[in-house]
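The entries follow in the order in which I made them.

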Amino acid sequence: MKNIYLDYNSHTPCDISVIKAMQDIWSQPGNPHSDGHSFGWNKQTLISDSLKTFTDIYDCFEEELLFTSGATEANNLAIYSGIPIAEKMNPQADTILTSHLEHKSVLSPLEIAASKHGLKLLYVDITSNGVIDLQDLQTKLKQNNVLWVSCTMTNGVIGTSQPIYQVAELCQRYNAMLHVDGSQAGYLDIACHDLQVDFLTLSAHKIYGPSGIGLLYSKHLQNPEFIPMISGGGQQNGLRAGTLPVPLIIGFSEAAKILDDNKETEALRLRELRDTLLDGLNQALTIIVFGDLNERHPGNLYLAIKNIDSMQLLNNMQPHLAFSLGSACDGLSREYSPIMKAMGIPKDIAECAFRICVGRMTTIEEVEQTIAIVIDTVKKINKMS
């Protein structure tokens, strides 16, 4: 039996066109920062062409983009460099707002920054549908002197997309700086200038590009208070040292272009596959789906099968079916998920929850096989109990 991969929220394999775009670059000599000869110029031209692609897709200027090793570094850089800028611009503010919808690469640095700068860190409520509570956000903005807000665009576990334009409007109204993690939001329109966000982060390996490359957008990169986390040779105007990985940048831009050109049709196809999977499971099992089914990543399902422990289910389907209990960064943690707790989901139900996500390479045959495998495995587990 062919092993089936349904963990696309964790990692998307490189698209074949992305691999082809990178292939010839690996063997080409030249450092893009060697500006004294043609080999360096050629590599720099490739980077410039890629930057043009990103500015067209993400509605921004080249000088507002910074290449990083991925969204984790970009989120850390946004927070550690952005909060001191925010403090200079708004010295009376003393509060950071976020929610349990955020990835650990946002929550952990926020906790560190809050402690370092003597700021309050408050968590905005989440609705039972897995969406940030705009009323609670407005209340907390109104009742506190808020310096900074971190809000994801699409959550990577339950898959729900957030009302980011309304969040941005509230942040502007209350003079709070806004940081958005857009790494899981590939199927949404990401327009930095239109959104008027202060910081936004992206990752290639969530959109069928290579691992190890990400982007930080910020309109504050030219601010003298922006503090690099990596110093050295002065690359990227001294904002992030290190030789730029040209093949990865080429792959990232190609992946972004492919997704941008096919976003609507691909999202429709993923929804159809996802709904077929859900309908098939529903016919034989008692399924609970967490989060709004419409406003979410089109391939994502975060669900539970009644009275079936998710870890036991996962273990019993190896190596035939790949899905996850939550974020890959959480591993196989059995901790009561802060997201589920914030949504009001009881612990015993939360322990039955798992994330399954179809993707570009998923076929209808794989979906049908998955339905059969899951139903058969649940029956076996029930017989053993």
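I took buried to mean under 20% relative accessible area, exposed over 50%, and partly exposed in between. The model I consulted is predicted.

Entry on cysteines. I looked up Cys 151 and noted 2% relative accessibility, so Cys 151 counts as buried. Cys 357 is likewise buried, at 1%. I then searched for disulfides and found zero. For Cys 151 the reason is distance: the closest cysteine sulfur, in Cys 171, is 7.8 Å away, too far for a bond.

Entry on salt bridges. I recorded a count of 14. I began with Lys 263 and Asp 189, whose side chains meet at 3.5 Å, N to O. This pair links distant parts of the chain, 74 residues apart, with Lys 263 in helix H8 and Asp 189 in the loop between strand S6 and helix H7. Lys 263 is buried at 11%, whereas Asp 189 is exposed at 58%.

Next I examined Arg 360 and Glu 266, which form a salt bridge at 2.7 Å, N to O. Arg 360 lies in the loop between strand S12 and helix H12 and Glu 266 in helix H8, so the pair ties together parts that are 94 residues apart in sequence. I noted Arg 360 as buried at 16% and Glu 266 as buried at 10%. Arg 360 and Glu 266 are also linked with Asp 15 in a network of salt bridges.

Last, I looked up Asp 376 and Lys 380, which meet in a salt bridge at 3.3 Å, N to O. Being four residues apart in helix H12, Asp 376 and Lys 380 are separated by about one helical turn. Asp 376 is partly exposed at 38%, and Lys 380 is exposed at 51%.

Notes: Residues are numbered from 1 along each chain as its sequence is written. This is a predicted model: local features need pLDDT of at least 70, side-chain atom pairs count only at pLDDT 80 or more; totals for chains, interfaces and linings use all residues. Side-chain values use heavy atoms; hydrogens and water are left out. A disulfide is a pair of cysteine sulfur atoms within 2.5 Å. Buried means under 20% relative accessible area, exposed over 50%, partly exposed in between (1.4 Å probe, protein chains only). A salt bridge is a side-chain nitrogen of Lys or Arg within 4 Å of a carboxyl oxygen of Asp or Glu. Helices (H or I, at least four residues) and strands (E, at least two) are DSSP runs, numbered from the N terminus.
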